[in-house]
Amino acid sequence: MRKPRQKTHQRKPNSKMVRTRRRSVLLLLLALTVLSPLALYTSRLSAALNPVQTRDFPGEITNQGRGVKADKLNALPLETVSSLKEPVGVVFSEGLGGLAKESTGSGVVFSEELGGLAKESTGSEGQELPSRKAGEHKSRVLSEVTAAADGTEVIEQVTRREAQDGGLASAVSDEQEKTTGSQQQSSSEESLQETVPKQTSAKVVMDNSQAAKTDGKAKSSVLPDTRIRNIKDQLIKAKVYLGLGSIRANSQYLKDLRQRIREVQKVLGDASKDTDLPKNANEKVKALEQMLIKGKQMQDDCSIVVKKLRAMLHSAEEQLHAHKKQTVFLTQLAAKTLPKGLHCLPLRLANEYFSLDPGQQQFPNQHKLSNPKLYHYALFSDNILATAVVVNSTVLNAKHPSDHVFHIITDRLNYAPMRMWFLSNPPGKATIEVQHIGEFTWLNDSYSPVLKQLGSQSMIDYYFGTNHANPDSNLKYRNPKYLSILNHLRFYLPEIYPKLDKIVFLDDDIVVKKDLTGLWSINMKGKVNGAVETCGESFHRFDRYLNFSNPVIAKNFDPHACGWAFGMNVFDLAEWKKQNITQIYHSWQKLNQDRSLWKLGTLPPGLITFWNKTFPLSRSWHVLGLGYNPHVNSRDIERAAVIHYNGNMKPWLEIGLPKFRSYWSKYLNYDQHFLQECNINR
């Protein structure tokens, strides 16, 4: 009996050991079952991601958890092949002008060629497949980067580059779709390693995104002051409603609408920018908009509104045409009008001149007037201030003022005032001569055809008649200044100054900024007139001044020939006499008795008279346009020897361009007592 007990006692310990071993084995197996998939998954994930992170991305992308917010990355975790579903078959591409959406049967492709970003997911089972060409399609790991940098803009960049390089790639072939799971997994890992090119980083993408947003803001701000325009549009709409019958039938609504219009007009005022609007502008505009909504509900016939708008448009066009015509007329009138100060000045000077003794009325150095070795200038004007500026600016910029002689001719009315001005304001050491037209007894109707025409009844009717059968559209041709022989004296220079060989003609609306003695040393190569050409201005071509529909003009001249400028001209009087220029001028004036060849003025006959007889001077000698063009280049003005205020906006008039007035006014002494007495200021 004892032996069996001993055997039973020995078996119990053995069974406990067996049970313990079994538990250990089960726990070990359980641990292996739980931990091994985690270890395998982690090793695969690190093997797939580490090459990309270390090779292609900078530090801020490698440390995604710290450098970039996770909610902005929107990264797609890697999934097993069996868990993926087949995506919708759509290919996004960019063609001529936008993002196109095309149906492809299966697969979604976002790609970028030549070093860009890409996302590719194709196949019937949704497997990721390798690219057909190296660098053509990239894996979907890029979705982390595109989401972090505004996916929409990156997609646009991707598709834009893809379209430039030949369009998006098509779907993968059927053979690629039939690859095994192991091949698919291998290709997926390879595509992970080739996802992003080395030169592309998340920072670059972010910079591109910010730049695109900045460009968008810049484009949106191209149209400033939109509120001003919207308010004006609302006012126009409200005024249309005021004229509609259905609206006018409702007296209360009509009254309220007018009140809202007045409020908005008061708020708008003279504002030209959105920033000029008051704070309560939005409130008033919204109230007007509410009234217009009610009015729209009351008016259901759109044709009536269309008719009203057309009527308003027609009326606005007629008013615009009338205002333009009135503006031209008023501008011409302002150019012809003598300011009060310029009317006072000659009266005050004349009174002072006639109070002088005869001996005090003479200029010094009269022996220099006929010396051909000196520098002589011809200046014909009835404007005392303008003449003073020309003389002062020339003398102050001359190297040797005593060698300069000024020959001034004016009319009888301004003869005494002109003399008195230069007697009381002598131009330094320069010599002055003042004459009037009446001294030239040889200049009469029998000698000068233009003088005969200017005194004819037809010419007087043309300028001063009230009933014109065919009035000229351009009012500048109707300026009575063309009736003055002063404008035509330039064609008689050899007769006026028979002892001189060369003379410089100056208009009274110029300012001299540099020494002009270099003009006398220019070799004009047998030409009579030295002038600056105006080829750069289309309206200074011959066809803008001469009537080329007339066969006489068309036969003798080129309509596209370059014109030149009167205002600062060098005339070789010796050549003038040899080529008989004055007789050429007379013959053309006789042909133009009925004004069929050109309108009145001095430039058209000058172009004809000196045709092929003009020597082109450097443009730096003479810069034009300061009397009509506010955009004359400041560099050209600084380099110019003479600047010319040709046009209606003369510097002595209130309509003169303010930015150019200082060049003229600096040569006047406004403290002079005659100017003070006539209230002539800067």
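Predicted model: local features only at pLDDT ≥ 70, side-chain atom pairs only at ≥ 80, totals over all residues.
Buried here means under 20% relative accessible area, with exposed over 50% and partly exposed in between.

I'll take them one at a time.

Start with Cys535 and Cys562, which are joined with an S to S distance of 1.9 Å. The torsion about that S-S bond is about -130 degrees, so this disulfide is left-handed. As for location, Cys535 sits in the loop between β10 (529-532) and α21 (551-556), while Cys562 sits in the loop between α21 and β11 (568-572), so the bond ties together parts that are 27 residues apart in sequence. Cys562 has 18% relative accessibility and counts as buried, because the cut-off is under 20%.

Cys344 is bonded to Cys678, S to S 2.2 Å. Here the angle about the S-S bond is -70 degrees, and the link is left-handed. Cys344 belongs to helix α15 (residues 340-353) and Cys678 to the segment after α27 (673-677), so this pair ties together parts 334 residues apart in sequence. Cys678 is buried, at 8% relative accessibility, whereas Cys344 is partly exposed, with a relative accessible area of 27%.

What is the pairing if we number the bonded cysteines of the protein chain in sequence order? That pairing is 1-4, 2-3.

Methods:
Residues numbered from 1 in each chain as written. Heavy atoms only, no water. Disulfide = S-S within 2.5 Å. Helix = DSSP H or I, 4+ residues; strand = E, 2+ residues; numbered from the N terminus. Buried < 20%, exposed > 50% of the residue type's maximum accessible area, 1.4 Å probe, protein only.
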